[in-house]
Amino acid sequence: MMQLRSFIANQWVESARAHRFQSLNPATNEPIADVMQASAEDVDAAVGAAKKAFDCGSWSELDPDSRAEILLRAAAIMRRRLRELAEWEARDVGKPLREAELIDIPYSIRALEYFANQAREIQGQVIPLPGQNAFDWVSYEPYGVVAGIIPWNFPLHLATRCVAPALATGNTVVLKPSPLAPVTPTLLGDIFREAGLPPGVFNVVNGGADVGERLVSHADVRMVSFTGSVPTGRRVMELSARSRIIKKLLLEMGGKGPFIVEPDCDINGAVNSLIVGFCLVAGQVCCASTRLYLHERIYDDFMSRLLKRVQSLRFGDLMDPATQMSAIISSAQLQKVEAYVNEARENGATVRCGGARHTKPPFDRGNFYPPTILENVSPDMRCHREEIFGPVLVVLPYQNLDDAIALANDSSYALGATVWTENIRRLYHASRHLDAGIVWLNTNVMSKIEAPYGGNKNSGLGREDGVIGLKEYLKVKNNVLFVGKDYDNFYGFSQ
Ligand code: NAD
């Protein structure tokens with residue numbers, strides 16, 4: 001079993017009054033890691049180490065090339081350990097090893113490489129002030145100590161998505177992984193130390209809400225990069241607002257992705273991309289496509305192809321390359337998914353497939369729920385309005401595209417939205433009118449590190465990834481230099 005402690009100033013630290021908890025493999029409910037929960041003193045020590053490292057300038061004042069060299073070394077170490085990291089990711093999250101090897105770990109390596117290189121290119125701006133004997137330039141500076149708080153569905157990917165840009169731009173970091181999947185983010189401590197990161201630049205504390213709140217409230221934390229649910233994001237805002245110095249916030253929260261299918265689309269392409277949209281990581285993805293708006297002219301044809309494909313998805317041993325479906329992260333989350341589906345059924349929804357947890361061995365040991373499709377759903381039902389975070393798709397027919405767009409926009413979320421049609425004018429019309437941070441047109445859930453990722457409304461504030469995401473980790477300074485001598489009539493205040 002993996003033993004995890006706090007990582008502070010390049011040391012694994014055992015807390016004086018350590019509480020411990022275990023991380024379980026969701027596919028078997030067996031413990032795979034024994035984790036030390038950070039005490040309040042540990043959190044303070046981690047922030048203290050990060051502040052000391054920032055203030056001494058050994059990282060924040062280092063030129064971007066030298067910072068990049070260390071981050072690229074960390075990426076190379078991760079590449080060397082790819083298989084091992086993928087195995088831990090698969091067991092901690094309950095996802096197929098093939099997925100962790102193909103998606104999670106390569107994406108995390110790419111994040112380090114991309115942000116290390118992009119940070120070299122950050123340039124300021126000169127604002128000409130002709131005739132004023134003055135020179136104005138804009139520069140970018142790191143915030144200081146950044147708290148990274150992340151969920152469990154893509155642990156290493158979401159850790160590096162915030163840690164890489166934060167470090168590449170000269171900040172120092174205290175990372176708090178989710179207690180449900182803490183292994184790979186915590187292993188980053190070893191990876192960065194081996195790569196040569198100075199002590200205190202990267203620190204990890206483990207635990208749940210208490211540890212998170214202590215970190216967010218700490219007076220020396222200048223920025224919080226949070227990924228997680230809307231209620232926790234609201235709490236992070238509240239705690240920041242109450243701090244003596246309000247913190248810069250970057251919030252990536254939930255979604256309820258609409259998926260609009262027009263009658264002229266490539267139906268097979270749409271079906272395949274929808275399956276990924278609501279079944280990847282068993283639907284436990286923020287930008288999952290969970291609301292299908294289906295044009296009534298192709299309703300029956302599309303549904304029969306969708307049902308056929310869904311029923312052929314394979315559950316199995318996570319280490320088997322043929323396995324496609326993940327487990328649900330915890331028994332509590334499994335119960336939540338069941339409750340949503342049962343309530344929908346009681347309120348008149350029709351369950352077209354799935355609808356009950358797997359109870360046959362060997363799946364009864366873990367938290368497995370089959371892809372579930374609900375029809376006869378009305379827009380005000382909770383299964384249509386709320387993020388379920390499980391493999392549950394609701395289907396509503398529509399007659400014209402603007403009705404589908406109106407349904408899509410009538411949500412408190414606005415993260416990803418998808419449209420399928422061969423008509424370029426309707427694609428453009430939909431992309432203009434959908435309220436979403438990302439609009440996928442004849443594709444789905446594609447996310448590239450080079451492009452900004454994030455949502456509007458309750459789905460978030462700000463953007464991760466891309467140059468836009470990198471700049472979130474930098475504050476802007478406007479510098480004005482007056483080189484004239486005439487102060488006698490400054491702003492009309494003559495002497
Ligand atoms: P969560 O909000 O329960 O937890 C997220 C993190 O916050 C965890 O590390 C948790 O320990 C910590 N936390 C919990 N309470 C806290 C508090 N009071 N103060 C500070 N920290 C606290 O979310 P989750 O269940 O881990 O993740 C699922 C959610 O994350 C879903 O809503 C999903 O849509 C969202 N998500 C969003 C994105 C995105 O990029 N937009 C990506 C992945 C997941």
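Figure 1. On the side of domain 1 that touches domain 2, the elements giving two or more residues are α3 (82-93) and α4 (97-120). Of these, α3 gives the most, with 5 residues. Helices (H or I, at least four residues) and strands (E, at least two) are DSSP runs, numbered from the N terminus.

This is a predicted model, in which local features need pLDDT of at least 70 and side-chain atom pairs count only at pLDDT 80 or more, while totals for chains, interfaces and linings use all residues. Residues are numbered from 1 along each chain as its sequence is written, and side-chain values use heavy atoms, with hydrogens and water left out.

**Figure 2. Here is how the chain is divided.** Domain 1 covers 2-253 + 459-479, and domain 2 covers 257-441; the bounds come from an automatic or database domain assignment. Domain 1 brings 26 residues to the contact and domain 2 brings 25 (heavy atoms within 4.5 Å). Taken over C-alpha atoms, the domain centres are 31 Å apart. About 2100 Å² is buried between the domains, and carbon and sulfur atoms give 60% of that area. Buried area is the accessible area (1.4 Å probe) that two parts lose on being put together, summed over both.

**Figure 3. Salt bridges pair side chains.** The rule finds 1 salt bridge across the interface of domain 1 and domain 2. A salt bridge is a side-chain nitrogen of Lys or Arg within 4 Å of a carboxyl oxygen of Asp or Glu. E30 and R365 form a salt bridge, with their closest N and O atoms 3.3 Å apart. By this rule the count comes to 29 salt bridges. One of them joins R214 and D44, at 2.6 Å from N to O. Because R214 lies in helix α7 (residues 209-217) and D44 in helix α1 (residues 40-56), this pair ties together parts that are 170 residues apart in sequence.

Figure 4. For S229, a side-chain N or O atom is 2.6 Å from an oxygen atom of the ligand. For K176 such a distance is 2.8 Å, and a polar side-chain atom of R161 lies 2.9 Å from a ligand oxygen.

**Figure 5. Two loops hold backbone details.** Most residues other than glycine have a negative phi, and most peptide bonds are trans. N10 is not a glycine, yet has a positive phi of about 65 degrees; N10 sits in the loop between β2 (6-8) and β3 (11-13). The peptide bond from P361 to P362 is cis, with omega near 0 degrees. P362 is in the loop between β15 (350-353) and β16 (372-375).

Note on methods: A polar contact is a pair of N or O atoms within 3.5 Å; within protein, one must be able to donate a hydrogen and the other to accept it, and residues adjacent in sequence count only if both atoms are side-chain atoms.
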